[in-house]
Amino acid sequence: MEDVLGPDRRPATADAALRRLRECCAHNPNDPRAFLDLANEYDMLDREEEAEQAYEKVRALGLDGLSPEDRAHWFIQFGSTLRLLGKLEASQAILQQGEEAFPANPAMPAFRALTALADNCPRQAALVLLEATLRLPHEEIARYRRALTNYVAELAEAAQRPHGL
C-alpha cells in the first residue's frame, strides 16, 4: 500500500485522509468516534451531504459512545451542517438539544443564532445571543443584567407576534 502520510505523519491529501478515515470506519463499524472524524473531514471539504450521513451514523451508533467533548462537537457540527444544507428546523432542533445537554458551551447559542439568521429571523438570533450573554459569569454582565433582561423580554414578546421575527 502506498504511503499516504506527509512528513508530519498526517494524510498528504484530502483523498488520502478520506481513504484512511473510511478504512478506519470499515474496521471499526461500531465506533461513533471513527464516524465523527469522517463527518468532520467531509465538512472540511464542503461535502455536507456526505457529512450528514456520517453524523447520522454517529447518532445511530449512540452518542454515549463519544466523550463529552466529542458529543458537544457532534451537536455543533451536525447542526451547522444541517444549516448549510438548508435544513433549518432540524438544525435548530439539534442545536437546541446540544444547548440543553451542554448549557455552559458558548458555541451552541452562537450556532443557533446563525441558524436563526439563515432562517431570516434576526430578532430570534439576537434573543438567543442575549440569553446566552446573560448566562456569562462576568461582572459587566451582572452590572447590566436588569437592562439586558428587559431587552430579552421585549425580544421574546416581539417573537410571539406575527411577523415579530
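Tutor: Happy to! A residue is called exposed when its relative accessible area is over 50%, and buried when that value is under 20%. Keep in mind that this is a predicted model. Let's begin with a loop, the one between helix 2 (32-44) and helix 3 (48-61), where Asp 46 is found. Asp 46 has a relative accessibility of 59%, so it counts as exposed. Its backbone has a positive phi of about 60°, although Asp 46 is not a glycine.

Now go to the loop between helix 6 (107-118) and helix 7 (122-134), which holds Asn 120. Asn 120 is not a glycine either, yet it has a positive phi of about 60°. Because its relative accessibility is 63%, Asn 120 counts as exposed.

From that loop we step into helix 7. Two packed helices are described by the angle between their axes and the distance between the axes. For helix 7 and helix 9 (residues 145-160), the axes come within 9 Å and cross at roughly 150°. Angles over 145 degrees count as roughly antiparallel, so helix 7 is roughly antiparallel to helix 9. The crossing of the two is left-handed. On the helix 7 side, the residues making the contact include Leu 127, Leu 130 and Leu 134. On the helix 9 side, Leu 148, Val 152 and Leu 155 are among them. Sorted by kind, the residues of this contact are 11 nonpolar, two polar and three charged.

Conventions
Residues numbered from 1 in each chain as written. Predicted model: local features only at pLDDT ≥ 70, side-chain atom pairs only at ≥ 80, totals over all residues. Heavy atoms only, no water. Helix = DSSP H or I, 4+ residues; strand = E, 2+ residues; numbered from the N terminus. Buried < 20%, exposed > 50% of the residue type's maximum accessible area, 1.4 Å probe, protein only. Axes fitted to C-alpha atoms, helices over the stretch in contact; angles between N-to-C directions. Parallel < 35°, antiparallel > 145°, perpendicular 65-115°, else oblique. Left-handed = near helix turned anticlockwise from the far one by under 90°. Contact = heavy atoms within 4.5 Å. Nonpolar A, V, L, I, M, F, W, Y, C, P; charged D, E, K, R; others polar.
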